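Please look at the chain shown here and try each question before you read its reply.

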Amino acid sequence: MLQSPTPKKRRRGRLFRFASALVVLLAVAGYLLVQYVTGGRGGPGCKVVSGKDDGQAYEFSQEQTMNAATIAAVGTGRGMPERAVTIALATALQESQLVNIQHGDLDSLGLFQQRPSQGWGTKKEILDPTYAAGVFYEHLSKVDDYQKLPLTVAAQRVQRSGYPEAYAKHEPEATLLSAALTGQAAATLTCQGLPDTTQADTGPDAVRAALVRDFGRTVLKETGAEVTGGGSASKDKSTAKAKSTPTPSASATGGSSTVTLPVRSGSTTTGWQLAHWAVANSSVLHIERVSYAGREWAAGSADDPWHSSATEASGGVRIVTERQGAEK
């Protein structure tokens, strides 16, 4: 004959089931939090550190960092100062956590939660990070003395948010990101750079197309980009003929290829912006190494970022990328 469990045993059973359920609940909550912060797109991480050697550092997903690099590139491409980029990054951190989300309050969309119904653009335009950043800067430039205003005030005059004080809490991380992604702070951004296997368009042409997308059509003319691969080197024809889009100039099969972006003497800020931009886009563009000014970053080497290197790209930024169709 089976005996019924004692009250003490029943209490232990209930406590065990409660503890198990709590563990599961906490795990689910943690997962949902990560999904919210990263927009459901985890993956290799990135880290930005202070150029002042004060130990300040922040971590972001590769997607967040790539969007931040686009925001910074669009800003400098428009001639906006570093302060404008900091304001834009803090705004996007508050509005979307730097994830290009397709939902929000009412009809808000994208990195800055801009609303088609309020004249910010069409849904398709707003979900283009380059467009979204550009229209943000367009509005910011119309704010009188925005560089002298507190960040919260400047951002609020563009966004008209119901929670204007919220922008201020993102100023420290936005400041570090801005310094790195505008090239003011050298060798301060690193990413794991593990390849995004869902990305089909890789190689030197994809790198140059992304440069044009973020910095504008003059970037290749200004840098005079060169491509080497398979033992050959050729001047980017889009530079020589001032075309609006890059012209393929390297083999698309096997091995790796190098895009070199010459940087004028004394333009180290530009050089570090391009180098950090390449690192930020390393996962989606399958960039393996980036070198500039005697320093080199390599994919998968987060524990040893930006180490000293004898490789020099004639005073320019050297981007080594896996070519489309390369065999493993």
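The questions and answers below concern a predicted model.

Q: How many helices and how many strands are there in the chain?
A: The helices and strands of this predicted model are numbered from the N terminus. Counted in this way, the chain has ten strands, and its helices number twelve.

Q: What percentage of the residues in the chain is buried?
A: A residue counts as buried when its relative accessible area is under 20%. The chain has 328 residues, and the part of them that is buried comes to 46%.

Q: Among contacts in the chain between residues at least 6 apart in sequence, what percentage joins residues at least 24 apart?
A: A contact here means heavy atoms within 4.5 Å. Taking the contacts between residues at least 6 apart in sequence, the part that joins residues at least 24 apart is 65%.

Q: Which two cysteines form a disulfide?
A: A pair of cysteine sulfur atoms has to lie within 2.5 Å to count as a disulfide, and by this rule the count comes to one disulfide. The pair links distant parts of the chain, with one partner in strand β1 (residues 45-49) and the other in strand β3 (residues 189-191), 145 residues apart. The sulfur atoms of the pair are 2.1 Å apart, and the two residues are C46 and C191.

Q: Are C46 and C191 buried or exposed?
A: The relative accessible area of C191 is 0%, and the value for C46 is 3%. Because buried means under 20%, C46 counts as buried, and C191 is likewise buried.

Q: Is the link of C46 and C191 right-handed or left-handed?
A: The handedness is read here from the angle about the S-S bond, which is 110 degrees for the link of C46 and C191. With this angle, the link is right-handed.

Q: Which helix gives the most residues to the lining of the largest pocket?
A: The largest pocket has a volume of about 700 Å³, and of the 31 residues that line this pocket, the closest to its centre are E95, D105, S108, F112 and Q113. The elements that give two or more residues to the lining are α1 (7-38), α3 (82-96) and α6 (151-159). With four residues, the one that gives the most is α3.

Q: How many charged residues are in the lining of the largest pocket?
A: Sorted by class, the lining of the largest pocket has 15 polar and eleven nonpolar residues. The charged residues in this lining number five.

Q: How many of the eleven residues of helix α7 are buried?
A: Helix α7 spans residues 171-181 and is mostly covered. Its buried residues are E173, A174, L176, L177, S178, A179, A180 and L181, and what covers them includes β1, β2 (57-61), α2 (62-77), α3, β3 and α11 (268-280).

Q: Which residue of helix α5 is in contact with Q114?
A: Q114 is found in the loop between α3 and α4 (123-126), and its relative accessibility of 1% counts as buried. Leaving aside neighbours within four places in sequence, Q114 is in contact with several residues, including D107, S108, L109, I126 and V135. One of these has its place in helix α5 and is itself buried at 7% relative accessibility. Aside from its own neighbours within four places, this residue is in contact with W120 and Q114, and its name is V135.

Q: Is L149 buried or exposed?
A: L149 is found in the loop between α5 (129-140) and α6. Not counting residues up to four places away in sequence, L149 touches R83, V143, D144, A154 and R157. Because its relative accessible area is 18% and the cut-off is under 20%, L149 is buried.

Q: How far apart in space are the C-alpha atoms of A166 and Q94?
A: A166 has its place in the loop between α6 and α7, and with a relative accessible area of 12% this residue is buried. Along the sequence A166 and Q94 are 72 residues apart, while in space their C-alpha atoms are separated by 6.9 Å.

Technical notes. Residues are numbered from 1 along each chain as its sequence is written. This is a predicted model: local features need pLDDT of at least 70, side-chain atom pairs count only at pLDDT 80 or more; totals for chains, interfaces and linings use all residues. Side-chain values use heavy atoms; hydrogens and water are left out. Buried means under 20% relative accessible area, exposed over 50%, partly exposed in between (1.4 Å probe, protein chains only). On a 1 Å grid over the protein atoms alone, a cavity is a set of points where a 1.4 Å probe fits but cannot get out, and a pocket is an open set with protein on both sides within 12 Å along at least five of seven lines; lining residues have an atom within 4 Å of a point. Grid points are joined across faces, edges and corners, and a volume is the space filled by probe spheres set on the points. Ala, Val, Leu, Ile, Met, Phe, Trp, Tyr, Cys and Pro count as nonpolar, Asp, Glu, Lys and Arg as charged, and the others, Gly among them, as polar.
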